[in-house]
Amino acid sequence: MTGRRYFWNRFFENSLAVSAFVSIATLVGIFLLLAVNSWKAFTYIGLGEFFSLNAWNPAAYDTPSYGIGALLLGTALTTLGATVIAAPLGVGMAFFLSEIAPMRLRNLLKPIVELMAAVPSVVMGFTGIVLVGPFLAKVFGLPNGLNALNGSILLAFMALPTVISISEDVVQAVPRAYKEASYALGANRWETLIRVTLPACYSGLLAAIMLGIGRAIGETMTVLMATGNATAMPSGLFSSVRTITATVAIEMGEVPTGTTHYYALFACALVLFLITLSINFAAERVAARLRKRGQ
Amino acid sequence: MRIRTLWMWIGIASLIACALTVAAFMAIMLFDLGKQGIPVLSWEFLTGFPRQGMTAGGIWPAIFGTAVVTLLATLLTAPLGVACAVWLEEYASESILTQLTRAAVRNLAGVPSIVYGLFGLAIFVEGMHMGASILASACTLALLTLPSVIATTEEALRQVPRALREGALALGATRWETTYSVVLPTALPGILTGVILALSRAAGETAPILFTGVAFYTRYLPASPFDEFMALPYHLYILATQHHDPELVRPLAYGTAVALLLLVFLLNLVAFIIRAQYHPKKRL
């Protein structure tokens, strides 16, 4: 009897440990897969050409060219636009939720923010086509509204739930005594907010915004549907752009396995993977510094 | 003094404006989708096949495909994720291995979904010869949702009071018996919430299934896990951008979008209710 109980105890102890390896194996597997396939791509393409501003035209009949400069710029443009929109809105909303809004309103708005996070990216992209696009076309007098700005607006709203909920936690974590001291010195609510609460949570807010950016950079379907997907060098927020994610999504389905083009798409994914990984890593470092200081 | 008060109100007004902007975007989006999409939803739309080159008919195969692939993904990811979290929280002592695992989980959570799609294509579709199929897509979605299942389960396990574990151990239960009959039942609502939210995320994802099994159109419902399938999010993408006459099928696209949103919101509502039921104090 006892023997069997101990056997099961040991059995589960070991088998549970195996499950932990799945996560490690997946992360390492993803990295290795991307690295090996990118390596094959780089034996043909050369790093210099890959990161150049040459056109991205892998399907060209005589001389295919593999420059991801325009695609990187597309990703940078949409993500930057999204950050410029999402950072003030997200932080502002977080301040509103935790410092201004009455309890009832807060309990109403928080589930709405959570619901926003649940909206699938295709539905966001669809909104970009039927709602944001026509709106932009009308306001700015464009032939169509499928451009970088459209993608930025949608990505901003996809990143917002992350930014808002993390920022709110950060603002809530500011010790009450700070605010009380500020009020006692005669500062009003706004002065307390800007001069005491905000400086106390700078790094946390930075981490929140960075995690939001991390989410926006990797987003595929939304930008695929809303930014127009022209591979030409973008000239501004109103030009049609194609991001790295969209390029992989569009071309992977049609390219034959084992061609240079196929491996080049893995190289694109590797670039994307490394960018998101370093953003998340940086955000984590910022957050860790915050935790250490908090104790 | 006056100027200070004026600035205060300007500041507060700008914060209110932020909140209003966010709420307004959400409201306008939902209102537009609802206004155009809800009239499309009919019994025939929800239970019929697409007809006449997708310009008429319904979305039943897409609903069926999404349901099957999402459920299968959850069946794969839930035991694995819970096991990993239990190991991290209940069994393992702090070591390099646990730190590595935690770091891997955190980083996996940030990997873009399209990268999961490529991984699924190379490993499941090509490497394991599953072909473009329900199974390959489900495996890919399972990996995608694994980090969030682990994270929410860990959180739920941390909420279980230490005294419960110590009580069970003091009564002579082994660690596994303690985990299985005391800790897991107590943490169940939290775990369930996490699993349902993972389900909702998997249902809405398109990029991971793009190369691993989703089909433009299938004549029949999939009969085995090795068949291709149709899915709601991909169907919406097709109707919105890839159809030869997007304006003509716009009502169908609206209907599909609303059906997908309803499915996802419903899952979130269930998760919300479970959480509210079992942690009435923690939320407020």
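**Exercise 1.** How are α8(B) and α10(B) oriented to each other: roughly parallel, roughly antiparallel, roughly perpendicular or oblique?

*Solution.* The model is predicted: local features need pLDDT of at least 70, side-chain atom pairs count only at pLDDT 80 or more, and totals for chains, interfaces and linings use all residues. Residues are numbered from 1 along each chain as its sequence is written, while chains are lettered from A and ligands numbered from 1 in the order in which they are written.

Step 1. Find the two helices: α8 of chain B covers residues 175-204, and α10 of chain B covers residues 250-278. Helices are DSSP runs (H or I, at least four residues), strands are runs of E with at least two, and both are numbered from the N terminus.

Step 2. Take the axes, which are lines fitted to C-alpha atoms, for helices over the stretch in contact; angles run from 0 to 180 degrees between N-to-C directions. The axes of α8(B) and α10(B) come within 9 Å and cross at roughly 170 degrees.

Step 3. Apply the cut-offs: under 35 degrees is roughly parallel, over 145 roughly antiparallel, 65 to 115 roughly perpendicular, and the rest oblique. Therefore α8(B) and α10(B) are roughly antiparallel to each other.

**Exercise 2.** Describe the residues where these two helices meet.

*Solution.* Step 1. Two residues are in contact if their C-beta atoms, placed from the backbone, lie within 7 Å. On α8(B) the contact residues include B:Pro189, B:Leu192 and B:Ile196, and on α10(B) they include B:Leu260, B:Asn268 and B:Arg275.

Step 2. Sort them by type: Ala, Val, Leu, Ile, Met, Phe, Trp, Tyr, Cys and Pro count as nonpolar, Asp, Glu, Lys and Arg as charged, and the others, Gly among them, as polar. The contact of α8(B) with α10(B) has 14 nonpolar, 4 polar and 1 charged residues.

**Exercise 3.** Describe each chain by its elements and its buried share.

*Solution.* Step 1. Chain A has 12 helices and 2 strands; chain B has 10 helices and 2 strands.

Step 2. A residue is buried if 20 or more other C-beta atoms lie within 10 Å of its own, exposed if 12 or fewer, and partly exposed in between, with C-beta atoms placed from the backbone. In chain A, 47% of the 295 residues are buried; in chain B, 49% of 284.

**Exercise 4.** How many residues does each chain give to the contact between chain A and chain B?

*Solution.* Step 1. Chain A gives 64 residues and chain B gives 67.

Step 2. On the side of chain A, helix α1 (residues 2-45) gives the most, with 18 residues.
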